[in-house]
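Here are some friendly notes to read alongside the model. Please keep the viewer open and look up each residue as it comes along.

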Amino acid sequence: MTQAITIVQVDTFTKKPFQGNPAVVCFLATKMPDEWMLHVSQEINLSETAFLLPYQDGWDLRWFSPTVEVDLCGHATLASAHALWETARLAPTAEARFHTRTGVLVARQADGWIEMDFPSMGVKPTTARASFWAAMGLAATPIYKGGQDLFIPLPHEQAVRDLKPDFVQLLGTTDVRGIAVAAPSQDRQYDFVFRFFAPNIGINEDSATGSVHCYLAPYWATVLNKTSLRAYQLSTRTGRVRTTVRPNRVLIGGQAVTVMKGELAALLVS
């Protein structure tokens, strides 16, 4: 059986093409096998591909990296919401409501930004092996567990910029999704800067990451004593994120731009 499937590629956490983090959104008409979605993600070969299927009062949303299905993804949720409004599947004033493995997530448009309502996750002190610190190129320092990730606060922005993990060596030193590092920003436009590494799911360094703000935003809100924050991701493509911390929730804001539209055509579905 063949089925043409509309796809939209979106650059997220940016308002300029070829910056931020690209994600492809696939609009499904029927439920597809997990293995097929993984194969599509491998074919597209971006950090995440989103699969949307109409569902009750919104959309069923799943995210796949080229190697695994992920439980929570910010930038591909942002891309999905943008694509729904861009293709007129949703009215501009309507909210995008997603049913996901992490619960219901809602996105809204406001002032040229998309604001996503995500769960808040605290951080807890943890430890790491000597092999982990060697692979990260860091001396052992306070480290935390946030959601499915490790989080390392660093003393200053240059330490985040200079970090050069050995991704081959890093594999197998932890069982987490990824590692976030962050520090106060030297630029007054931003409150903190960060990077995110996830070799365990096939992404050495993510270009622009949303889900990490479920724990980064509450952490920096406490450190900096403010609930509204702006963050800058120090990747090659860069990313800009604004957040608002609320009880048990974090509003994660970003911009997005469509860079490509097309179809997955003549695909065998077993």
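Is His75 buried or exposed? At 1% relative accessibility, His75 counts as buried (buried means under 20% relative accessible area, exposed over 50%, and partly exposed in between, with a 1.4 Å probe and protein chains only).

Before the numbered points, a word on the source. This is a predicted model, in which local features need pLDDT of at least 70 and side-chain atom pairs count only at pLDDT 80 or more, while totals for chains, interfaces and linings use all residues. Residues are numbered from 1 along each chain as its sequence is written, and side-chain values use heavy atoms, with hydrogens and water left out.

1. **His75 and its surroundings.** You will find His75 in helix α2, residues 74-86 (helices, H or I with at least four residues, and strands, E with at least two, are DSSP runs numbered from the N terminus). Not counting residues up to four places away in sequence, His75 touches Thr12, Phe13, Asn21, Pro22, Ala23, Ser47, Glu48, Ala208 and Gly210 (a contact means heavy atoms within 4.5 Å). With Asn21 there is also a polar contact, side chain to side chain, at 3.4 Å. A polar contact is a pair of N or O atoms within 3.5 Å; within protein, one must be able to donate a hydrogen and the other to accept it, and residues adjacent in sequence count only if both atoms are side-chain atoms.

2. **Ser41 in helix α1.** Helix α1 covers residues 34-44 and includes Ser41. Ser41 is buried, with a relative accessible area of 0%. Which residues is Ser41 in contact with, leaving aside its neighbours within four places in sequence? They are Leu46, Thr49, Phe51, Phe64, Ser65 and Pro66. Trp63 is 22 residues from Ser41 in sequence, and their C-alpha atoms are 9.0 Å apart in space.

3. A disulfide is a covalent bond between the sulfur atoms of two cysteines. How many disulfides does a search of the whole structure find? The search finds 0, counting a pair of cysteine sulfur atoms within 2.5 Å as a disulfide. For Cys26, the nearest cysteine sulfur belongs to Cys73 and is 13 Å away.

4. **Helix α6 and what follows.** Helix α6 is mostly covered, with 9 of its 12 residues buried. Among the buried ones are His213, Cys214, Tyr215 and Trp220. After α6 comes Asn225, whose phi is positive, near 55°. Most residues other than glycine have a negative phi, so this one is worth a look. Asn225 sits in the loop between α6 and β14 and is exposed, with a relative accessible area of 69%.5. **Lys226, in that loop too.** Lys226 lies between α6 (213-224) and β14 (228-233). At 35% relative accessibility, Lys226 counts as partly exposed. The side chain of Lys226 makes a polar contact with the side chain of Asp191 at 2.7 Å. Lys226 and Asp191 are 35 residues apart in sequence, and 9.7 Å apart in space from C-alpha to C-alpha.

5. **Phe18, another positive phi.** Phe18 is a residue other than glycine, and its phi is positive, near 75°. Look for Phe18 in the loop between β1 (5-12) and β2 (21-27). At 65% relative accessibility, Phe18 counts as exposed.

6. **The largest pocket.** About 240 Å³ of space lies in the largest pocket. On a 1 Å grid over the protein atoms alone, a pocket is an open set of points with protein on both sides within 12 Å along at least five of seven lines, whereas a cavity is a set of points where a 1.4 Å probe fits but cannot get out; lining residues have an atom within 4 Å of a point. Grid points are joined across faces, edges and corners, and a volume is the space filled by probe spheres set on the points. The lining of the largest pocket includes Phe13, Lys15, Trp113, Tyr190 and Arg240. It divides into 4 nonpolar, 4 polar and 4 charged residues (Ala, Val, Leu, Ile, Met, Phe, Trp, Tyr, Cys and Pro count as nonpolar, Asp, Glu, Lys and Arg as charged, and the others, Gly among them, as polar).

7. **The cavity.** How many cavities of 30 Å³ or more does a search of the whole structure find? The search finds 1. The largest cavity has a volume of about 100 Å³. Of the 15 residues that line the largest cavity, Glu48, Arg177, Phe196, Asp206 and Ser211 are the closest to its centre. The lining of the largest cavity comprises 7 nonpolar, 5 polar and 3 charged residues.
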